[in-house]
Amino acid sequence: MSSLYFIYIVPALTFLFLLNKVSDFDIWTHLSLGRYIYENLSLFPTLKEPLLYPLNDQPLQLQSWLFALVVYVVHLFMGVNGLIFFNALIGALAALFLYK
């Protein structure tokens, strides 16, 4: 019976712990790349790096294109609070699957 409580308590505490403001500045780069993919409907563009000045002459490499697209769509429909909620929800689901 006590393990049943932990199935609900661990994800709930993880969710509450992850409900905090966006403090990682890298998220804005992901949002910009996600916006580019969403607006141009192109996963692998053939252009130079448009966002980071030190890599200005390098070809654009999108290793995290799916994450950038998902984050942009969440931000598009729900804003910054949606990003916070999405982060907490993914963390709670991960805690639930890891606990089981």
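User: Leaving aside its neighbours within four places in sequence, which residues is isoleucine 27 in contact with?
Analyst: This is a predicted model, so the contacts are those of the predicted coordinates. Contact here requires heavy atoms within 4.5 Å. Once the neighbours within four places in sequence are set aside, the residues in contact with isoleucine 27 are Val22, Phe67 and Val71.

User: Which element gives the largest share of the largest nonpolar core?
Analyst: The largest nonpolar core has six residues, namely Ile27, Leu31, Val71, Tyr72, Val74 and Leu83. The elements that give two or more residues to this core are helix H2, residues 26-40, and H3. The largest share, four residues, comes from H3.

User: Which residues of H2 are buried, and what does their cover include?
Analyst: A residue counts as buried when its relative accessible area is under 20%. In H2 the buried residues are Ile27, His30, Leu31, Ser32, Leu33, Gly34 and Ile37. What covers these buried residues includes H3.

User: How far apart are the end C-alpha atoms of H2, and what span should its 15 residues have?
Analyst: The expected span is 1.5 Å times one less than the number of residues, so the 15 residues of H2 should span 21 Å. That value agrees with the model, in which the end C-alpha atoms of H2 are 22 Å apart.

User: Which residue follows H2, and what is its phi?
Analyst: The residue that follows H2 is leucine 41. Its phi is positive, near 50 degrees.

User: What pattern does the chain follow along its sequence?
Analyst: The secondary structure comes to three helices and zero strands. Residues 24 or more positions apart account for 62% of the contacts with a separation of 6 or more, while buried residues make up 23% of the 100 residues in the chain. Read along the sequence, the pattern is α-α-α.

User: Which element has the highest mean pLDDT?
Analyst: For the chain, the mean pLDDT is 82, and 82% of its residues reach 70 or more. Among the elements, the lowest mean pLDDT, 82, belongs to helix H1, residues 2-18. The highest, 91, belongs to H3.

Definitions and conventions:
Residues are numbered from 1 along each chain as its sequence is written. This is a predicted model: local features need pLDDT of at least 70, side-chain atom pairs count only at pLDDT 80 or more; totals for chains, interfaces and linings use all residues. Side-chain values use heavy atoms; hydrogens and water are left out. A nonpolar core is a set of buried Ala, Val, Leu, Ile, Met, Phe, Trp, Tyr and Cys residues joined through side-chain atoms within 4.5 Å. Buried means under 20% relative accessible area, exposed over 50%, partly exposed in between (1.4 Å probe, protein chains only). pLDDT is the predictor's confidence in each residue, from 0 to 100.
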